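Hello,

Here is the structure for you to look through. My notes on what was found follow below it.

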Amino acid sequence: MKTPMIVRIPFHRAPVGEEEALAVCEVIRSGWLTMGPKTFEFEKEFAKYVGARDAIAVSTGTAALHLSLEAAGVCAGDEVLLPTTTFTATAEAVTYLGARPVLVDIDPVTMNLDPEDAARRITPRTEAIIPVHLGGQPCDMDELHALAKAHHLRVIEDAAHALPSAYRGKRIGQISEFTCFSFYATKTLTTGEGGMVTTENPSAAERIRLMRLHGIERDAWKRYRGDGSWRYEVLEAGFKYNLTDFQAAIGLVQLAKCDAMRQARQKIAERYTNAFSPLEELLLPEIRSDRSTSWHLYVLRLRPDRLRVDRDVFIRALEVRGVSCSVHFIPLHLQPYYQRAYGYRAGDFPNAEQQYDSCLSLPIFPGMTDQEIERVIQAVQETTVESRIVRQNAAVSPID
Ligand SMILES: Cc1ncc(COP(=O)(O)O)c(C=O)c1O
């Protein structure tokens, strides 16, 4: 007998369509492709949306981190605190400046950097801290700001997952001196590749604008227009980190539907949570009452004491049922580079390892159909039931 073909549910499908295509066409027809009027409009609208003083568009989230660290004055020999549970870009940007990423364990509930563990790792060389809002849930920002104030640390938020998220009534993007967003293809707002720095520090904004385009003076882009001059001055050895106008045009369309897309993800999250709460084998995301998440990720955790299978086998069982998952993240201290360069070892960060061993991220994106959501729910329920440890009833006689 032939087995029926299962249509696979992808982990992510970018919510882009006709509107974005038209916006790109408009830019192409305008004849101005690289950074120009659309990029500046996108920056203005983005700053308004998150409530930031300044927004500077850049080529990637990694570039946003690099430019923020540079503007904060982080340099060779400095130490920068960041969670071990993050994407390598967070730490990699620190290494660009010759500084040292100092890894920190996570809070077992939020899965974000633990402020108490961060405090223990501060040395006279610590210059900055990068809180990462994993999956969209904001970090304990008040505690982290208090720590930063006491030790004169600069705060650079990695908000690659946190558009739009809020902490104690404030949107992420207006809370710290620097906040870095990513518009990579899987993110909650995408321009294919792209990023944004928001900052409350006007001189840092000026510096980032300078450094994103080769360190040449601010309005250098105008020199290619009819009204610009061919003459320019190189003030610093900068970087080539600008966004393009056709990416910005996509960004503007996406920004206008950012709230609606969050709403759609929240509805999916609620359906997952309602369906999975009766399953004692699973730990569901817990969002603290003083903050809201973008629902970039829906991270499920398995209880090893209740299941006969590990996370990898669980993911494979979901794959067989046509559901693609991901894992966020393999802790940096388990990666060969960070072990080789900084001497980290397995066992260094117990909370992060426990989280990693048990977690998986389910598909959650605005264009998911009802049928797709139901299939994910059914696949998780079936996999849990078939993998659960059935407890022997103590009252039952061994003969039964
Ligand atoms: C937590 C985190 N930080 C930074 C980045 C880097 O962003 P980009 O890919 O836009 O450089 C990512 C991208 O996946 C990320 O997940």
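On a 1 Å grid over the protein atoms alone, a pocket is an open set of points with protein on both sides within 12 Å along at least five of seven lines, a cavity is a set of points where a 1.4 Å probe fits but cannot get out, and a lining residue has an atom within 4 Å of a point. The model is predicted, so local features need pLDDT of at least 70 and side-chain atom pairs count only at pLDDT 80 or more, while totals for chains, interfaces and linings use all residues. Residues are numbered from 1 along each chain as its sequence is written, and side-chain values use heavy atoms, with hydrogens and water left out.

The second largest pocket

This pocket has 19 lining residues, and L283, R301, L302, Q354 and S358 lie nearest its centre. It holds about 370 Å³ of space, where a volume is the space filled by probe spheres set on grid points that are joined across faces, edges and corners. Strand 12 (298-302) and helix 12 (350-358) each give at least two residues to the lining; helices (H or I, at least four residues) and strands (E, at least two) are DSSP runs, numbered from the N terminus. Helix 12 provides the largest share, 5 residues. By class the lining has 9 nonpolar, 4 polar and 6 charged residues. Here Ala, Val, Leu, Ile, Met, Phe, Trp, Tyr, Cys and Pro count as nonpolar, Asp, Glu, Lys and Arg as charged, and the others, Gly among them, as polar.

The largest pocket has a volume of about 560 Å³. It is lined by 32 residues, and H161, S182, Y184, T186 and K187 are the closest to its centre. Helix 3, helix 4 and strand 8 (178-182) each contribute at least two lining residues. The lining is made up of 14 nonpolar, 14 polar and 4 charged residues.

Where does the ligand sit? It sits in the largest pocket, meaning that more than half of its atoms lie within 2 Å of the pocket's grid points. There are 16 residues around the ligand, and G61, T62, D158, S182 and K187 come nearest; a residue is near a molecule if one of its heavy atoms lies within 4 Å of it. Helix 3 (61-71) and helix 4 (88-96) each supply at least two residues of this shell. The shell has 6 nonpolar, 8 polar and 2 charged residues.

The cavities

Rolling a probe the size of a water molecule over the atoms shows where empty space is left. The structure holds 2 cavities of 30 Å³ or more. The largest cavity has about 110 Å³ of space, and of its 14 lining residues M111, L134, Q137, P285 and I287 are the closest to the centre. Its lining divides into 8 nonpolar, 5 polar and 1 charged.

The second largest cavity has a volume of about 40 Å³. Among the residues that line it are A159, F181, S182 and K187.

Regards
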